[in-house]
Amino acid sequence: MGAVWVELPRLHPPAASTIAQGVDKLYFFLTLITLFFTVLIFGTIFYFMIRYRRRKEGELAGGPHEHLPLELTWTIIPTLICVVIFVWASFLYVRNSRPPKASMEIFVIGKQWMWHIEHPEGVREINELHVPVNTPVRIIMTSQDVIHDFYIPAFRVKKDALPGRYTSLWFEATEVGTYHFYCAQYCGTDHSKMIGWVYVMNPTDYAAWLAGGSKTESMAEAGEKLFTRYGCSTCHLADGTGRGPSLVGLFGKPEKLLTGESRVVDESLIRQAISVPNSVRLSNYPPIMPSFQGQINEEQLLQLISYVKSLGSEERKTSGK
Amino acid sequence: MAVHAVHGEHPPGFAHQFEDMDQQHDAGNLGMWLFLATEIMFFGGLFMSYIVYRTKFPDAFADGSRLLNVKFGAVNTGVLIASSLTMAMAIHSAQVGKKKPQVWYLIFTMILGALFLFLKFNFEWRADYHEHLIPGFGFMVRPEWGPGGVHVQMFFLFYFFMTGLHALHMIVGIGILTVLTVMAARGRFYEQYYAPLESSGLYWHFVDIIWIFLFPLLYLAGGRYPIPGVTH
Amino acid sequence: MAGHVVPVKIYLGVFFSLLFLTGLTTAVAFVDMGRFNLVVALAIAVVKMLLVVLFFMHIKYSPPLIKLVIVAAVLWLAIMVTLTLSDELTRNWGVKIQGWSMILPYFRALF
Amino acid sequence: MSTATVDNLEIPAESRLNYLNASYGIKSWLLTTDHKRIALLYLVSITFMFLVGGIAATLMRIHLIEPQGALVEPETYNRLFSIHGIVMVFFFLVPSIPATLGNFLVPMMIGARDVAFPRLNLMSWYIYIIGAACTLYAAITGGVDTGWTFYTPFSSNFSHSAVIPVALGVFITGFSSILTGLNFIVTIHKMRAPGMTWFRLPLFIWAMYATSIIFILGTPVIAITLFLLGLERLLHIGIFDPAVGGDPLLFQHLFWFYSHPAVYIMILPGMGVISELITAFSRKRIFGYSFVAFSSMAIAVISFLVWGHHMFVTGQSVYAGLVFSVLSFLVAIPSAVKVFNWTATLYKGSISYQAPMLYALGFIGLFTMGGLTGLFLASLAVDVHLNGTYFIVAHFHYIMVGGAVMAYMGGLHFWWPKITGRLYPDGWARFSALVIFVGFNLTFFPQFVLGYLGMPRRYAVYPPEFQVLNVMSSAGASILAVGYVIPLIYFIWSMRYGPLAGPNPWGAKGLEWETPSPPPTENFEEIPVVTEEAYNYPQLPEVARG
């Protein structure tokens, strides 16, 4: 008891991912800039306050009231500093937005007020996320209801989970340990209870954990069953002779849509194709696919997507040549 | 031309905070235009949302657009343009100091405005209601729109919200014109003072301009030419 | 008083031009021009708007300040639309900026 | 500078006819078209709203002393922070300086008898009252739990609270802002006294002009946005609902198109006040007049280009993120230019430290920190970590409370003798300025650290490791609350017992100081003719630099 009161608060969160180190460097640079200008402004004001205090009533002020070189100096120097910060921050942001090619993928569904997490192997967790250390992990998220936000402070990553859409973030944990994750977008009554733990494990421990998990089948296997159950397999024949396009080797490939737009087949596009088929029609196929919106829930959607992915991707095809 | 205000001898329609009638007129004019600028941004939020969704669902918007009655749209455009002309003529009459034509032109303007609303509500909206096209009031997705049919609702959402807001502005406008007609009949406007008439005119023309854009965006958005393979 | 008296002839000319343009835009909609249907329809609408603004609303005879107010409002609307579309239209582009990754190694020290 | 007759100034305030004693009775106030009386009507109303928002904030800070929440259920906590945000943003900060000090001073500073449209001015107050009543009624009966940002689809489809009445209240109040802005622009353009050219205008007028531009061009957009939100909630027609193709991010675009410039609605008038205070208490012309004036205009324009920085982590495209980031850095420059110019104004001044000046200096310091921490949030990669955490809360409170409210308090102290004709006790005022400065920093500085550590905002309960900093923050909040109560007491006291101020107790320049305190109903006995620049204090002859 009482220990809380003597314990000094820490001023620096753990930095446990490759992204964290880059962000922290910029953060400290910004802190230095802030300190410098705060001290400069406060210092100057205090000096002037004392040096030029009114000593007697009726005293006259002096000094210039315009000075172009000075004005230009304090316009241009902040501009240059801003340019440096912008370029630096944007490089980091763009880099942090691009997951490495060989990322492991984990799916996250936010709902009021808990996080459902599903590994491709079929293991499910709630408000807990187990990941191996030193492995790039890509989180693909969506929401069943309102906007949530998946935030892991120790990794310096955060992204909104939106209903009706996929968003993603990635990280590569560098330290074995346990870290908080939070919902960082206000989502209603128990927003503040929508928090959990990330367990960063050694790869062997992770493998053991996966093996011990209560899984029945992998996501792709579950997706394959759905593919048959919903009759997808009757049109999307593997050899391309069906009424719909073959899905083999489709994932990750750029496809030209009927609208003339060229889009890479990714999770979002497949999702769109299942819920609103007309909006992403490929040329030379008739608009006959019905919408499955409302019939397939978020988890099943992700399983279907896993299945389509397992049918082969651009990379697999090229490497197989 | 400037009529200088000395305390105790105000010309009719002069407000105490101004120096002279010119200043008062300029202030009123600028104020009215600033108000119209806010109206542009007010409708602008809607126009922007329309643009966003139209780029997302061009087919659904075209399908929805073709369901509107282009004849009523075109006729109503003509009615509004005519009402703008009579409004401009009412101000013109005040400028040259004619009292009776002022009143008549204002009455014509109101009649044309009312005609517009009558055509819109009684024929177009009523038919839409019976065809289950009003979102939130028994809207039904039709099979012929295909899988993207649910987005046709989005088009009708904009159709009813934009034309509804426009109609609301027209109703307010007719209300203002009623007051002005009474004032004009009492001879309140003359060569030196017709600012209320002028400001209301600007408002009326602005509402006309909104319609000038709504007509192509809503009625003509999908084209009216026959589409091979699609029958309505 | 400052108001400019516009001759009735001009009002009538504007009125008939507007009616003509309404007919034109309706007629053109019945011709299949693909994407240009919308372009033409909006171009005609802009011309009609200009006619109303310049003559019925007396902007042709108004001081620059009033013109500035209108230009500002339209410009602000353009800002809103452009910047919103900068998001809405590029969301599906993915992040594939080759230029960035080429320069990136030189800034390795920063990251 | 003016032709106000000296005899008039020497008559004691009680016996002279002024705007306060020109007529009596409740009707003479509720039906007044005098801009000065309307300013006082606003002053009373927004002070009440400030108390409402302040009580909500106090309860929140008490609640957060314990990690498990010391006071209320999460449901109630969510309603507390929502009503705190909505009341403080839409009903206090936005109208604060423009509707009170602005209404009182704009006509007087430019040498006019009143604003251009006095009846619209009164109407704007009534609209404000109706909007405020609507929101407060909803807050008392059902409460609203969406936060002041009303994000969809939570607000439109999921929240079980009084979203529509509150949104309606905010919608209605928007029109009062529009009317105020419209009135100011027309007044400043058309009603300046002879000789009052644009570059002789006090900088407060420039700031009010820039603010009015945002009122005019931004407010209608929030109005239509909330209209759409209400419609969606009522009919579930799907305009922001992804189930039928709606885009929840479109709501955020529309919302922030107004709500980011709204931040500048709050801070720009404050900047204007500070320019007045710094010059008056260092008896010196402002340094770089045209730079300060144009930076206000630049801020007003650029403020409309940066709203996307609220959406860096919301699934906005990376490209839009880059565009909004660079534009956000752009808006930092004119703010920096202002801070440097104020500091340079002190150089070789004759500086005295009455209460308003202490508030002004506090403003510069806190605004500098608030502005610099804004750079963290404009930086894409760092914003990803800080967005949605207490860092944001701390940052905007440094701007809004450390900036806007400090300036508002400073301005109120500066012009109080003009408004009431009486002086308040300067010692108490200086003491309260100090208390506010200390309390403020203790409240909000720990929140920067909390945010960097990763504590998300709007949390009713939080992990125990954040407790120490939260307790510090709550302790600061209690000091801050005391700091705000002291002025309330001595202001009320001074209205009856304060010594008479005379027309110009600070020896300041400006037309408002050349008319008696309190001013007569039409401000001036005779419209003044302006013959000199703003802040033309007598100065030592410039020594040639060698």
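In chain A, the domain assignment gives domain 1 as residues 104–212 and domain 2 as residues 219–320, the bounds coming from an automatic or database domain assignment. The model is a predicted one, in which local features need pLDDT of at least 70 and side-chain atom pairs count only at pLDDT 80 or more, while totals for chains, interfaces and linings use all residues. Residues are numbered from 1 along each chain as its sequence is written, and chains are lettered from A and ligands numbered from 1 in the order in which they are written.

Let me stay with those two domains for a moment. Taken over C-alpha atoms, the centres of domain 1 of chain A and domain 2 of chain A are separated by 25 Å. Their contact takes 10 residues from domain 1 of chain A and 9 residues from domain 2 of chain A, where two residues are in contact if their C-beta atoms, placed from the backbone, lie within 7 Å. On the side of domain 1 that touches domain 2, the elements giving two or more residues are β1 (104–111) and β5 (136–143) of chain A; helices (H or I, at least four residues) and strands (E, at least two) are DSSP runs, numbered from the N terminus. That side of domain 1 divides into 5 nonpolar, 3 polar and 2 charged residues, with Ala, Val, Leu, Ile, Met, Phe, Trp, Tyr, Cys and Pro counted as nonpolar, Asp, Glu, Lys and Arg as charged, and the others, Gly among them, as polar.

Now the chain as a whole. Chain A has 9 helices and 12 strands, and its C-alpha atoms fill a box of roughly 95 × 60 × 45 Å along the principal axes. Its radius of gyration is 27 Å, whereas a compact globule of 321 residues would have a value near 20 Å; the radius is taken over C-alpha atoms, and the globule rule is 2.2 Å times the number of residues to the power 0.38. One backbone detail is A:Asn134, whose phi is near 55°, a positive value in a residue other than glycine, and A:Asn134 sits in the loop between β4 (128–132) and β5 of chain A.

How many residues does each chain give to the contact of chain A with chain D? Chain A gives 74 residues and chain D gives 80 residues. On the side of chain A, the elements that give two or more residues are α2 (18–51), α3 (68–97), β6 (148–152), β7 (157–161) and β9 (177–183). By class, that side of chain A has 39 nonpolar, 20 polar and 15 charged residues.

Turning to chain D, we find 16 helices and 0 strands.

Two packed helices are described by the angle between their axes and the distance between the axes. Helix α14 (residues 390–420) of chain D and helix α15 (residues 426–453) of chain D pack at about 170°, with their axes 7 Å apart; axes are lines fitted to C-alpha atoms, for helices over the stretch in contact, and angles run from 0 to 180 degrees between N-to-C directions. The two helices are therefore roughly antiparallel to each other, given that angles under 35 degrees count as roughly parallel, over 145 as roughly antiparallel, 65 to 115 as roughly perpendicular and the rest as oblique. α14(D) passes α15(D) in a left-handed crossing, meaning that the near helix is turned anticlockwise from the far one by less than a right angle, with clockwise giving right-handed. Among the contact residues are D:Tyr390 and D:Phe391 of α14(D), and D:Phe440 and D:Phe444 of α15(D), and the contact divides into 13 nonpolar, 5 polar and no charged residues.

A second pair is helix α4 (residues 74–110) and helix α8 (residues 203–235) of chain D, whose axes come within 10 Å and cross at roughly 125°, which makes α4(D) oblique to α8(D). This contact has 8 nonpolar, 2 polar and no charged residues.

Finally, chain D contains cis peptide bonds, one of which joins D:Thr152 and D:Pro153 with omega about -5°. D:Pro153 lies in the loop between α5 (118–141) and α6 (154–158) of chain D. The bond from D:Ser517 to D:Pro518 is also cis, with omega near -15°, and D:Pro518 is in the segment after α16 (467–497) of chain D.
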